[in-house]
2 protein chains.
Amino acid sequence: MTRPSFALLMVSVALSAVLAAAPAPSDWLAPYRDAASRLIGEALSTTQAWQRLAELTDTFGHRLAGSKALDDAIAWAVTEMKKDGLDNVRAEKVMVPHWVRGRESAELVEPGPHQLVMLGLGNSVGTPPEGIKAEAVVVSSFDELDALGKRVAGRIVVYNVPFTNYGETVRYRATGASRAAALGAVAMLLRSVGQPGLRTPHTGALTYADNAPRIPAAAITNEDADRLQRLQNRGVKLIVRLSMEARMLPDAESANVVAEIVGREHPEEVIVVGGHLDSWDVGTGATDDGGGSIAAWEAIRLMKKLGLRPRRTVRAVLFTNEENGLRGGAGYRDQHKAELPDHLLMIEIDGGVFRPRGFGFSGSAAARALVKDISSLLAGIDAAAIGSAGGGADIGPSVESGKIASMSLDVDSSLYFTIHHTMADTIERIEPADLAKCVAAIAVMSYVVADMPQRLPR
Amino acid sequence: MTRPSFALLMVSVALSAVLAAAPAPSDWLAPYRDAASRLIGEALSTTQAWQRLAELTDTFGHRLAGSKALDDAIAWAVTEMKKDGLDNVRAEKVMVPHWVRGRESAELVEPGPHQLVMLGLGNSVGTPPEGIKAEAVVVSSFDELDALGKRVAGRIVVYNVPFTNYGETVRYRATGASRAAALGAVAMLLRSVGQPGLRTPHTGALTYADNAPRIPAAAITNEDADRLQRLQNRGVKLIVRLSMEARMLPDAESANVVAEIVGREHPEEVIVVGGHLDSWDVGTGATDDGGGSIAAWEAIRLMKKLGLRPRRTVRAVLFTNEENGLRGGAGYRDQHKAELPDHLLMIEIDGGVFRPRGFGFSGSAAARALVKDISSLLAGIDAAAIGSAGGGADIGPSVESGKIASMSLDVDSSLYFTIHHTMADTIERIEPADLAKCVAAIAVMSYVVADMPQRLPR
């Protein structure tokens, strides 16, 4: 164990003072104040997590399932985790869908030609090589689409639905192509599902229904959607051409990356901390979700570095293929089915590694009371909130199958949907100090749950 | 003349009250309070200027010199100005350079491949069809470049100079290619000259020196420049490929668009208000400088609508080719050489039509005292500041040749260099109420200078 520097000691002393001043939540936590102080001090006295995330995103860039970049990133993570001295480092094979974007473009042919700034939607089919050229009709809701009915046959339907919240507007991305195709539309364009940016398109997955033709679909920017809307409102006829080489290739081999701090008393009892290493094929996937992956990894590296080996196992999982298939999450559930009864808690970090506020939690009232106690150790970094629900896409299949308590890291998400699934999802959006706090919060929470005398109750 | 609505009357009454409450600057202004009130009321009681700018930018998009879009926009402006009933509407022919971008891309080949988000620089030469592939070297100043000297031979030089202010950093865009080429570099990449955006590249013109080979040059995003810098700092070798079809075609015919309110007593004495109708070939040129063009045009349309015909002529000029040649400004000077002695004031609007603050002014002390008096009429819209210097690129040649007093509209420019020369320069950046205030300020200033008893002194 490295001798702590003076600066680090001062951080620990300062944090201990803050923690000592907070109202005592429960006596059982007393033995964990020192470990929490050391984990927080270690996380907050370097920018290592940010540097590691920069190395990941600078070197490999974006990492869509099936891409060489993701394969290389997986191999790199395994190598580096071994160098970190973590336990049982391994890549657990999963087959993943392999969608490729290819070249793509959209233009307003009349009045025009004018380039429309776009990104094809993940899983979309492509167009013929010459593209699809058709009259476009702009609608602002499914109701408007349905009112037009068969009049959209042969047209390109443009959904111009302003972003309210993700759950509400993502429906148009997920199902809009098939709903338009069922009425005879030949392609679909979507106002990007995200907050206004700088003519910034947002990609993301669509799902084709079985009962409609599969038509190509792409996101355009808020600005271009509003432009089409204004032109249509002025009575101007819109001719649009969409060209996409997008196609689905045969499934490819990929892997979840796993590393552990094996428990000293109950190695079979597991707390999972995880994010997803794959990303959309734009930007560098720093926020979605390189940051979550690195934060989970760094949390257990801190334990290793500080010589903190809890009673139970803490397992970091860097899932694959969250974005367009969720095969990593499903694969983990299937490969660890026998262990799920001994999975006590799964924590997912997939909302960005911005300034942390605490955790969302889903589980029993008894378990909630305990994690609420533990969260008091994070008051000094202002990350002690425990929200009403937690979870995550990657841990979802296991949590559901094993009835496991689940958590998500809660952060200041004000920037999240500005950069979500865009080219602007890069390391610049992440502050080193915010990421360090995220790591600290995850490390303290997972360590104490793994080490406390009692099993976190189901 | 249309009968003013009740709402408009209330605006006028309210503004009159504000103006009446302000300290009286000079008695000579008293006769202009009513005209100012009517101009401001008319401007601020509709969103017509914004609607007209939306029609321009939606219909024609970006408008680079030599493009069909600019030709069409010029023809549209002439038609609409005639419909507005303006005097002496005409297009004054000017030959302009005709640079075309073509397809272009840049990628980090090693480590990679990773797309670099880029825009070729205006006036740049292209690459061979297969692109230029070479090792890249990142420098953060001309000093660093010079220190490397001939070691950059055969390399692609990447200038990673953080934006401070335009004047300081634009030097790298203007002269960086030739300075690198003089040392043997084969291409140049530039950190975009602008405030950080969302992985948003900024184009703009370069100027080749005579004593160095002409090498292709492009702007990359701040994020990509920082990524290359971090990789280089880690000792990683960088191989970059740049592909650009950019080329200069023979000069093309274009025009300045001119419209007037002819003076009732001294039609030969002229106040010019103007912006430039051309734009870079990205975005829709709403801020740079569709907004300035529309504001100048709308200012004289208000006079026409309100039946305000001043003693002298107010002339709106929508210049061509500001961005990559300044042939519009030079052409105006040459074609109006004989009239320049009777040009009393030239006002340019080319800093965006954001919330106006007043005007910058360059001219004699006597003239300054008068425009300062006039500016008090704009106190009610908080646009009464008169700054220490005014001018503009398009009016520059005439101002210099004729020793003419010059003004620029001063606005809140905090957003300007976020969107300057980017795809995000669209109508969404402009608030209708801000543009209305800009129109009001220009209308009041130009009207009173044109109508006041005395000639604005040289």
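Visitor: By what turn can chain B be laid on chain A?
Guide: In this predicted model, the copies are superposed by least squares on the C-alpha atoms of residues with pLDDT of at least 70 in both. Chain B then falls on chain A with an RMSD of 0.0 Å and a shift of 0.0 Å along the axis. The copies are thus related as by a two-fold rotation axis, and the turn is 180°.

Visitor: Which residue of chain B has the C-alpha nearest the axis?
Guide: Happy to point to it. Residues are numbered from 1 along each chain as its sequence is written, and chains are lettered from A in the order in which they are written. At 3.2 Å from the axis, the nearest C-alpha in chain B belongs to B:L198.

Visitor: What distance separates the centres of domain 1 and domain 2 of chain A?
Guide: The bounds come from an automatic or database domain assignment, which gives domain 1 as 6-98 + 250-451 and domain 2 as 102-245. Taken over C-alpha atoms, the centres of domain 1 of chain A and domain 2 of chain A are separated by 36 Å.

Visitor: How many residues does domain 2 of chain A bring to the contact with domain 1 of chain A?
Guide: Residues are in contact if their C-beta atoms, placed from the backbone, lie within 7 Å. Domain 1 of chain A supplies 10 residues, while domain 2 of chain A supplies 14 residues.

Visitor: What radius of gyration does chain A have?
Guide: The radius is taken over C-alpha atoms, and the globule rule is 2.2 Å times the number of residues to the power 0.38. For 458 residues, a compact globule would have a value near 23 Å; chain A agrees with that, at 24 Å.

Note on methods. Predicted model: local features only at pLDDT ≥ 70, side-chain atom pairs only at ≥ 80, totals over all residues. Contact = placed C-beta atoms within 7 Å.
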